[in-house]
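Student: I would like to check some structural labels against their cut-offs. Please show me the model.

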Amino acid sequence: MTGPQLIRQAVRQRIRPCLNGTVGGILYAVALVAMPIPAGRLVDKVLVEGDSSAIPMYLVIFGFIALLRGGGGALRRYEAFRLSLGVSADLRERLYEHCQRLSLVFHDRVGAGDLMSRASADIAVVEQLTDVIPYMVQTLVLWIAGTVAMILIDWRLGTAVAVIFVPALVWAISRGRNLDVMSGRVQAAMGDYGRFVEESVGGIRIIKGFGLDRQRAELAGEKSDAVSVAGEVLARRRAAFVGWVMATPAATILIVVGFGGWLSTRGHLSEGDLFAFLQYVIVLGGPVRFAGHNVARARQAFAGAGRIAEVLAVEPAPPWHGSRLPKGAGRLVFDGVSFGYHRDNPILRGVSFAVEGGRSAALVGASGVGKSTLLQLVPRFYEPWSGTISLDGVDVASIEPRALRRAVSLVFQDTVLFTGSLWDNIALGDDRAGDDDVRRAAEVAGAAPFIDALPDGYDTIVGERGLTLSGGQRQRLAIARALLRKPRVLLLDDPMSAVDAATQQMIHAGLRRIIGGTTTLIVTNHLPTIELVDEVVFLADGRIAARGPHEELLGLERYRDALALSAQPV
Amino acid sequence: MSGRISDDELDKPKLGREVTRNRRACLEIAAASTLANGTAVLLPFCISFAIDRGVVARDLRLLLLGTGAAAIVAIANILGARLELGVTAVRAQRYLRDIRTRVVGSIVEADLDLFSREKSGALFARATNDVENLQRFTEWALPMVLRTIFLGVLTLIAMLAASIELTGVVVVTLVPVVIATLWYRRVAYSAQVSVRERVAQLFGHMNEHLSGLRVVQAFALEDERLEDFRRLNERTYGARMRVARFDIAYYVVVEILYPLSFVITLAAGAWLIDAGRLSVGQAVAFGLLVGRLFEPIHMVAELVEIVQSAAASLGRILHLIDQTAAGIASGGSEPFHRGPGHVSMEGVKFRYVEPDPGTGEPGSSWVLDGADLEIRPGERVALVGPSGAGKSTLAKVLVGFQRAAAGRVLVDGQPVAGLEPISYRSAVCLVPQEGYLFHGSIAENIGLARPDATRAQIEAVCAELGVLDRFLALPAGLETVVGTGGASVSAGERQLIALARALLANPSVLILDEATSNLDPATERDMARALRRVLEGRTAIVIAHRPGTVDLADRVVTIQGGKTVALTG
């Protein structure tokens, strides 16, 4: 789908306000074109001829025009709001819903910041365009009807005005459109500056730590300069453009006063007609200034919509269908699994092993060997290049992903907390979870002691604007969150990293209780954790280098080396 | 909370200060605006002259004269408008540049307290969104506001010069517009505040759930989070439509009033012509002037929003600049004289929140409660203790990121509190757990520590740490671009870069705060060996809970309950 197609589709969904707004715009244009005619008559009859008896009639006529103007204008404006705000809300929801379903392969590549800018800046330009659709129709009607009206009043003066007006209009539109080529440079400079600010805030401790504050502040001046220099060039060009655009109404006014005045002295044109012409050229000239701008806006909106369509075009993976979850105790089998993030860089090369239901295994190996990757293949965050992973005898690739993910809980290495209470963060929207369930999960995960010590306990708010938790506290919350779901398979990605010894012991005590009943696969190089599990799968170079109980593997020098055990007494 | 809002407000003294700061720019803009709008008001008079003396009196010469004068005024008007827009835009760009530099400068030079007080997103918004708001104002609204003011005042003067009575009539017809404008300003403000709150909530939700999408997917939360999103999206739409309805109400008043004001003015004009107090040309000119008066009024609804939001943004920006200026002033100014690296802490107390005597708010509990630490030059000390015991805090106090509330902190006999931070921190260096990467190559990220470092020096440091081969094995070697939008590197690799960076700075005191925690055991062991070598002759504090790293130390110091207990190594 292209940008214009997406906009058309979005507008079609809100066709009602679009049509109503267009009708309002046409009514408004009619009011604008109609007004100079009675205004001219008023000048002739009342001012020049001094016939004040006609005044009440004109009051009625102008009252009617006022209603048409107010009614049509309000209708256009209100419906334009409904249209544009509706379109932006629709697009935002569509984008959000689609992003939710896209695989982590996509999200690893694109990143939340990029998606946020599409959801805000790109949707904003589409919103701005749809906002002016009824206005653009109104302007078009105004220009055509106004020109016809002028020619009807006096064909000589009307034609003279049109001869100036039409080419000037074409020029203004084409010129105004080109102005925005320039703003690409401003955008680029702004982007560069934005990233600079982001890094200055994010990396402030590095900046301070190396005493780079002053240098960084000077660099800020340079980045800011780049934005302003590009902005100044654009501003000068825009000023020149507006100057020329203003020349159009000015030239037409002079034609009306000069040529029209001459026609009038010859008696071909009344003073009132002359006045009507003056009003026409002012009314018609007004929107010229915005015409080029609106064409440029349309172009920006097409590009913005294109960037949204780009995301919408990405196929959700895995698709949201598949078979139901098989019954079983959680037997997990990896059969010849190969995978890599980049086509030419395989990480896992044919990994095969099985964990029986209720048993536990540890994945051990150097960093980068693909331990975490292997875990993430189980709930289908990524699809293996070849080979299969099966749960209780059924290939996970054929199981409906959401059912699969309810049965398989993965605890990531770094914990994401959502704004909300600790309770919410453990329950994560599980309506069936009662107070006891949440407390028990927190208990087993070793999170209960620190939560109970907080003044607000489980109601403590965490997240962006809430309390900051330590790495170990977050880790324990993540484990509690996973346990609450009573998963058939529990996958833990290095739960002991970034946790001090005391916390490790607490998590350890919890793990000891879990490992008894749930199929558990733990990525770890942490010795006490390894000693806890039934079996160790030792990965090296993308393959299983050895597997078996820890005590057996200790005989391998390579294994001891990976765990840095040779330097210490075993 | 209410106290904070009023702090951010753009009050008169703040605005006055900004105007005085940019006095020249303000004068230039005012002059250009006067020229542009002054000529715009003159034009109807030339036209009225041409019609009165030329058309009505059937005098071709005077018609030509009037038209000629109108042409000259029109050209002057175009040139004036061009000048006005140019001057305003260029001056505004320079002001924005100045503001951006001041904001970012004040952020990077601020006390680190600022970063524990304010969310990084808020600081980012000050330097980006708020400045963009100002830009929108200067680009769009400022010329329009000036136009409204000038046209309003000059048109009224022109009207008064032509006919006091008729001006009175016009002014009376304008009364409803004035009332509507005042009403709109009031109601629109609160409605817009609620729009901003809801938009912030919506985008907050979106950002949080897109960054944490793996958890949403892992727990199959898509449907209910979509429900939450729909609700927020719907509420945002509702709030924006509420503003739209106020806007429409205002708009209708203005639209309806223009034709009425026009017909009433001309009817009154007819009566004045009858009475011989007005010419036909003057009445016609009045008709045009009424149009002139209404033209900017149309824009008020849009302008009110932009002006109010720009004022709020400027208020927030200036508040931040003022706030951090105070922080910078309190920093020390004594240059640090580099010595052998003798560290001495005595009875150091620190807590993150000091009690507020104003509000009676009690402070947080002491994180460091009389901590002592004495490290001889060249000695390596391991700092251990349970999480939350204050290990990292002690490190932050030592490098001067946090200021001790009581006690003495000396490095090479010089009190840290009084030291000028830049010279001090090049000698005393902290490597935190999370290695932060800036957008750029790995070499640039390492070289950050010493802008004058050569490529050979950077490679030498990597080689010394035994990580050079590892970096060279990456697709583009040391030129591999990392950070935002760059290649993804593991947490362990980030730590390796951070270690190399710190070593390049060649500090006499090096503090490693869990700086090798993300390395796998084999790499960590190799790194421990390398560190043993490179730490030779430097004073070092190692915070870690893994035995391999603690082994680096000559001596172990335990910190517990905010106090230190020295153990032998």
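Student: Why does B:Tyr250 count as buried?

Tutor: Buried means under 20% relative accessible area, exposed over 50%, and partly exposed in between, with a 1.4 Å probe and protein chains only. B:Tyr250 has 2% relative accessibility, so B:Tyr250 counts as buried. This is a predicted model, in which local features need pLDDT of at least 70 and side-chain atom pairs count only at pLDDT 80 or more, while totals for chains, interfaces and linings use all residues. Residues are numbered from 1 along each chain as its sequence is written, chains are lettered from A and ligands numbered from 1 in the order in which they are written, and side-chain values use heavy atoms, leaving out hydrogens and water.

Student: Why is A:Trp143 called buried?

Tutor: Its relative accessibility is 10%, so A:Trp143 is buried.

Student: What makes the pair of A:Trp143 and A:Phe165 edge-to-face?

Tutor: Rings of Phe, Tyr and Trp (its six-membered ring) pair if their centres lie within 6.5 Å; planes under 30 degrees apart count as stacked, over 60 as edge-to-face and the rest as tilted. For A:Trp143 and A:Phe165 the centres are 6.3 Å apart and the planes 70° apart, which is edge-to-face. A:Phe165 is buried too, at 6%.

Student: What is the pair of B:Tyr184 and B:Tyr250 called, stacked or tilted?

Tutor: Tilted: the centres are 5.2 Å apart, with 35° between the planes. B:Tyr184 is buried, with a relative accessible area of 2%.
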